Amino acid sequence: MPNPTAAMLVIGDEILSGRTRDANMHHLAGQLTEIGVDLKEVRVVSDDAPAIVAAVQALSAGFDHVFTSGGIGPTHDDITADCIAAAFAASIDVRDDARALLQAHYDRSGQELNAARLRMARIPDGATLIDNPVSTAPGFTLKNVHVMAGVPSVFRAMVASVLPTLVGGAPLLSRSLRVVRGEGDIAGPLGAFAENHSDLSVGSYPFQKDGVYGSNIVVRGTDAAQLDAAMTTLSGIFAT
């Protein structure tokens, strides 16, 4: 049986402008690989409501899980929660359990739970909260969409909260072989190898160092014995 699939939606003008470098995709991909959920697609959209709604609807229909990052803070451009609600025709308002979490947090810190901060307690109807042990303001899951903060430390904490609730498959394993030949020289035999091992993922990642051209060939699959046998074959192909 194939592994469950996932997509990620990164939300924010700051990503597309180059002002902020996204670190969350790399973390999510590694975590999903470990539990046997295959990350198949990543999209980046601006803080534009129609674009977010359309992307959420498309990804939700196409994959088993969707993870979003960004746009659930207290400012006017944090519109992700409203867009998720719109994508699923759900109403949204301040929810008592989310409000209580924020109230306790700001009481402890001696700060006011003002109108801006209360925006972070607006949760679509039917959603379940995602725990945030870093800064308290919760994410949420609605249908198969997991909505999380963009701040990397908070995103990682929310991913850790969600992963135990998911049913994964076989973890994806990988093996690599370094070949000191240009891709033009290895393309033919590598293509034949990939065709003969169509149930494995075979990739070529070229490098150039000190005038020497080569490629790291990476083979991925879920069966360790199958991978080891394939790598023995691959090593023999490029032994000479």
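Student: Which residues does Met148 touch, not counting residues up to four places away in sequence?
Tutor: This is a predicted model, in which local features need pLDDT of at least 70 and side-chain atom pairs count only at pLDDT 80 or more, while totals for chains, interfaces and linings use all residues. Residues are numbered from 1 along each chain as its sequence is written, and side-chain values use heavy atoms, with hydrogens and water left out. With contact taken as heavy atoms within 4.5 Å, Met148 touches Phe67, Thr68, Ser69, Gly70, Ile72, Ile130, Phe155, Met158, Val159 and Val162.

Student: Which residues of the largest nonpolar core touch the most other members?
Tutor: A nonpolar core is a set of buried Ala, Val, Leu, Ile, Met, Phe, Trp, Tyr and Cys residues joined through side-chain atoms within 4.5 Å, where buried means under 20% relative accessible area, exposed over 50% and partly exposed in between, with a 1.4 Å probe and protein chains only. The largest such core has 52 residues, and those that touch the most other members are Val56, Phe67, Ile84, Phe140 and Met148.

Student: Which strand gives the most to this core?
Tutor: Strands (E, at least two residues) and helices (H or I, at least four) are DSSP runs, numbered from the N terminus. With 6 residues, the largest contribution to this core comes from residues 5-11, which form strand S1.

Student: Is Thr68 buried or exposed?
Tutor: Thr68 is found in strand S3, residues 65-69, and among its contacts are Leu9, Ile84, Met148 and Phe155. Because its relative accessibility is 0%, Thr68 counts as buried.

Student: How are H2 and H7 oriented to each other, roughly parallel or roughly antiparallel?
Tutor: Axes are lines fitted to C-alpha atoms, for helices over the stretch in contact, and angles run from 0 to 180 degrees between N-to-C directions; under 35 degrees counts as roughly parallel, over 145 as roughly antiparallel, 65 to 115 as roughly perpendicular and the rest as oblique. Helix H2 (residues 24-35) and helix H7 (residues 152-162) pack at about 20 degrees, their axes 10 Å apart. The contact is made by Asn24, His27, Leu28 and Gln31 of H2 together with Pro152, Phe155, Arg156 and Val159 of H7. H2 and H7 are therefore roughly parallel.

Student: Is Lys143 buried or exposed?
Tutor: Lys143 lies in the loop between strand S7 (139-142) and strand S8 (145-148), and has a positive phi of about 55 degrees although it is not a glycine. Because its relative accessibility is 62%, Lys143 counts as exposed.
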